[in-house]
Amino acid sequence: MRYVSEFRDGSLARKLARAIAQASDRTRNYHLMEFCGGHTHAIFRYGVQDLVPENVKYVHGPGCPVCVLPVRRLDDAVELALNHDVILCTYGDMMRVPGTKQKSLIKAKAEGADIRMVYSTQDALRITRDNSHREVVFFAIGFETTTPPTAVAILQAKAEGLKNFTVFCNHVLTPPAIAHIVNAPAEEGEDPVRIDGFLGPSHVSSVIGSKPYEPVARIYRKPVVIAGFEPLDVMQSTLMLIRQINEGRHDVENQYTRVVTRDGNRKAQRLVEQVLELRREFEWRGLGTVPQSALKIRKDFSDFDAEKRFPVSPKTSREVKSCECPAILRGAKRPTECKLFGNICTPDNPMGACMVSSEGACAAYWTYGRKRDAAAAIKEAAV
Amino acid sequence: MNNTGKGQSFRTGTVDMTHGGGGRAMAVLIKDLFYRHLKNPVLDQAHDAAVFDIPPGRLVISTDAHVVSPLFFPGGDIGSLSVHGTLNDVAMAGAQPVSLTASFILEEGFPLADLERIVMSMAQASSQAGVPVVSGDTKVVEKGKGDGVFITTTGVGVLPEGVAISPGAAQAGQVVLLSGPIGDHGVAILSKRENLEFETEIRSDSAALHGLVENMISAVPDISVLRDPTRGGLATALNEIAHASGVGFVLQEKEIPVRPDVRAACELLGLDPLYVANEGKLICICEAADATRLLDIAHAHPLGREAARIGEVVEDGDRMVVMQTDFGGARVVDWLSGEQLPRIC
């Protein structure tokens with residue numbers, strides 16, 4: 001497969017592994033946070049952790065859009081679907097995330113709510129056109145990657161004069177989250193999260209560019225390397241981070257040059273700017289309330305704002321007690337340190353969002369990493 | 001007056017409640033559509049129950065409901081699929097299928113032309129396989145209570161003496177063969193889903209495997225396990241076998257055949273081909289010494305040309321399926337949880 005398999009080449013991986021081993025200082029640890037779930041997924045699926053020295057430790061970040069959505073917003077979506085007789089269009093990942101009392105969209109669907117899984121905002125618009133007598137709500141979630149399509153859908157709906165289309169906007173922003181992670185004091189009973197550098201978002205950065213990370217790197221003195229999602233991207237970026245750390249630098253470097261520029265996609269940025277604006281603050285699962293970290297729909301487009309059209313009731317939303325998703329999203333705990341992991345909480349019966357999404361750290365641990373040692377032993381025995 | 005009759009109305013009419021009512025409309029539908037296309041001596045007896053002779057051996061029986069959406073897809077439709085799916089289930093016991101039954105649940109308003117197309121496709125699949133449909137049933141449900149048409153088929157087969165194929169029979173030291181590239185069926189279906197249409201040449205691999213099985217078993221009667229990796233794909237089928245046999249598997253990623261366009265479509269959709277459905281592939285677990293012989297036999301058959309040896313059975317109390325990746329690491333290939341969902345970021 002062209003343009004993909006080149007970045008999964010095993011012999012190049014071994015060369016990079018040797019370079020990483022040579023560059024790393026054996027007397028210290030390197031704590032590298034991979035921000036995106038896409039990186040976490042690549043690290044586990046391809047066994048990258050096996051190829052780097054033990055003192056290079058990947059700390060899994062909060063970059064899984066499904067995982068960081070607070071339960072209350074999910075409960076609101078369930079309420080919209082169940083009580084307002086709307087067609088709720090959602091990305092597939094969101095379907096199985098448990099809300100308060102384990103109520104997920106998939107369960108609401110079984111109770112009769114009209115919930116449709118879509119692959120793009122264009123699907124939602126098509127459903128809107130085909131159901132002119134019904135209200136259609138698009139459940140918009142995600143980082144800067146999925147934001148421009150939402151903005152375009154709203155502009156398109158306005159141009160077409162669609163009266164039955166609204167967006168439940170939950171888009172969040174990456175740079176404020178990174179700043180929050182390095183800046184936040186440790187939670188009670190937790191050790192401070194140690195991070196020496198960041199593998200920066202790849203697809204997000206194709207939209208916003210590498211520039212927005214520059215203040216974060218400068219102020220908090222943490223190197224950032226924008227890294228692609230293929231396993232060789234992750235390894236090369238790891239090498240770049242180790243070199244920066246060794247040299248005491250804290251620059252923003254771009255490994256993913258085949259996609260990301262310093263300024264990003266200006267057209268996409270303008271479209272987002274036209275339709276959406278900063279929220280004063282937004283709640284993130286795991287990170288708590290983060291100032292200026294999310295977007296809402298501008299007043300000019302309030303006809304397309306589901307939060308304006310459908311009043312949702314105030315509710316006391318609750319995550320499952322002792323689910324460690326929040327600490328895992330902060331990088332403070334590993335999935336295996338959660339009491340529920342693998343016992344009560346499995347992908348078949350997820351207690352928290354991190355076990356649902358393929359980008360969630362718990363799902364990645366479960367799917368690829370569980371009993372990794374045992375897997376290695378079997379492999380050896382078979383050779 | 002209902003719209004069933006002869007000739008013309010099958011092109012323009014739709015299923016209505018009278019087609020399931022037991023009266024004349026139903027009789028006409030059965031005679032002019034089902035009997036006409038599925039014609040064979042046993043069906044022609046027009047009994048409620050089919051009476052037929054069977055060759056000596058143990059009886060094998062399997063039943064399967066088919067609810068595929070869309071009903072028509074590249075490389076097949078619900079009609080051919082409902083024949084192949086059940087024939088393969090019978091064949092995976094090592095048996096040769098001898099007859100089929102079919103039960104139709106039709107939704108009011110379903111176009112008769114589509115029904116005829118489906119029945120003709122069933123008839124073709126059954127005649128190609130050499131296994132007649134000997135009995136059937138039709139029911140009609142109100143509009144909104146079905147999804148066009150559901151078909152349940154039951155297959156009866158005969159197992160030759162000396163064959164003891166079972167999902168619990170895999171043993172450490174044996175090897176895993178796969179009859180061809182994986183993922184074609186699932187990707188062909190996805191490419192035609194209403195909200196996901198994309199241009200592709202990929203066709204479903206839907207096919208009846210009992211001919212291939214017959215050749216393999218006559219050469220090597222003591223094959224331990226046969227399994228068609230349908231829903232949940234290769235990964236799920238191997239996990240089921242690992243569980244039933246109390247063993248582990250070590251697979252070699254580079255040996256598992258996947259067509260480049262299937263791989264590309266999976267990459268695009270965020271799916272893993274290991275978990276995508278097949279309808280014309282089989283997994284065979286056998287002694288290492290028999291592998292080359294079985295592969296030669298498979299390569300000589302149209303449905304096994306790309307057969308490959310993809311891994312080994314190992315001792316493992318945890319019953320894990322592990323894969324050595326092209327990249328150089330090892331990963332656990334776990335059961336699938338629910339449906340594979342698309343990635344969004």
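Q: In a right-handed or a left-handed crossing, how does α7(B) pass α10(B)?
A: In this predicted model, local features need pLDDT of at least 70, side-chain atom pairs count only at pLDDT 80 or more, and totals for chains, interfaces and linings use all residues. Residues are numbered from 1 along each chain as its sequence is written, with chains lettered from A and ligands numbered from 1 in the order in which they are written. A crossing is left-handed if the near helix is turned anticlockwise from the far one by less than a right angle, and right-handed if clockwise. The crossing of α7(B) past α10(B) is right-handed.

Q: Which residues of α7(B) and α10(B) make the contact?
A: Residues are in contact if their C-beta atoms, placed from the backbone, lie within 7 Å. From α10(B) come B:Arg293, B:Leu294, B:Ile297 and B:Ala298. From α7(B) come B:Leu212, B:Asn215, B:Met216 and B:Ala219.

Q: Into which two domains is chain B divided?
A: The bounds come from an automatic or database domain assignment. The C-alpha centres of the two domains are separated by 28 Å. Chain B is divided into domain 1 (9–159) and domain 2 (175–332).

Q: Which element gives the largest share of the side of domain 1 of chain B that touches domain 2 of chain B?
A: In this pairing, 18 residues of domain 1 of chain B contact 22 residues of domain 2 of chain B. Helices (H or I, at least four residues) and strands (E, at least two) are DSSP runs, numbered from the N terminus. Two or more residues each come from β4 (96–107) and α4 (78–91) of chain B. The largest share, seven residues, comes from α4(B).

How values were computed
Two residues are in contact if their C-beta atoms, placed from the backbone, lie within 7 Å.
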